[in-house]
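Trainee: I would like to learn how to read a model of this kind, feature by feature. Where do we start?

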Amino acid sequence: MPRTIDLPGGSATLRDAEEISGAGRKLVRAAAIAASSAFAKLPTEVTEPPKGTESAEERAARAAAVEDAMKAVEFSLSEALALETLREVSAVVSVAAWTLPYPAPSMSNIGELPGDVYDALLTAVGAVPDGALDTDFSPTTDASSPTEGSSASAGPSSDAPPNPSTTTSSSGGGSTATASSTPGSPMPSTSRSLP
């Protein structure tokens, strides 16, 4: 069920996770992947999503706990920006309705919101809308998985037969491209050694 939050100067109605479009979920997942190295540094009280039934007092207490926990974590600039981008993406895909006198948040304008509105919106949404990811990025132990580690392969890649579309120059130079190795290429079938 969508929930309405109070913001300075108005309110916003936030979508439930199941109401977030496929495109919105894709943005959240992409931003979460970009922030994965930062997530690895976060304590659990930071990574737990807000609960839709939280009161304003519970939300404020969670925000204070998150702020305290974050003081002990050190991020690179790129990690910090990835986390902030994830928060912004989450806010943009979550807002269903908006009563403020500004355009509804989008990725191109969310940073232009007044600071108090921006902070209140991002705090209310949290890092990721509850259930928006629904993707488990942890490694699998399934032996039939196509993503199992390279140590499980049958042998080193050098055991594979050579690719007939490229050859190695006898002088130890690079590979030689042929017309057959570049489909649709206007390149004549003559070969030359690449530096």
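Mentor: We go from the whole chain to single residues.

Mentor: This is a predicted model, in which local features need pLDDT of at least 70 and side-chain atom pairs count only at pLDDT 80 or more, while totals for chains, interfaces and linings use all residues. Residues are numbered from 1 along each chain as its sequence is written, and side-chain values use heavy atoms, with hydrogens and water left out.

Trainee: How many helices and strands does the chain have?

Mentor: Helices (H or I, at least four residues) and strands (E, at least two) are DSSP runs, numbered from the N terminus. Here there are six helices and five strands, in the order β-β-α-α-α-α-α-β-α-β-β from the N terminus.

Trainee: What share of the residues is buried?

Mentor: Buried means under 20% relative accessible area, exposed over 50%, and partly exposed in between, with a 1.4 Å probe and protein chains only. By that rule, 30% of the 195 residues count as buried.

Trainee: Which residues of strand β1 are on the covered face?

Mentor: In β1 (residues 3–7), R3, I5 and L7 form the covered face, and T4 and D6 the uncovered one.

Trainee: How does β1 run relative to β2, parallel or antiparallel?

Mentor: Two strands pair if DSSP finds at least two bridges between them. Five bridges join β1 to β2 (residues 10–14), and the two run antiparallel. T4 has T13 as its bridge partner in β2. Two residues lie between the strands of this hairpin, where G9 takes a positive phi near 90°.

Trainee: Where is D16, and what does it touch?

Mentor: D16 sits in the loop between β2 and α1 (22–34). Contact means heavy atoms within 4.5 Å. Not counting residues up to four places away in sequence, D16 touches M1 and P2.

Trainee: What span should helix α5 have?

Mentor: The expected span is 1.5 Å times one less than the number of residues. For the 18 residues of α5 (residues 77–94) that gives 26 Å, and the end C-alpha atoms are 26 Å apart, which agrees. Its buried residues include L83, L86 and V93, and their cover includes β2, α1 and α6 (115–125).
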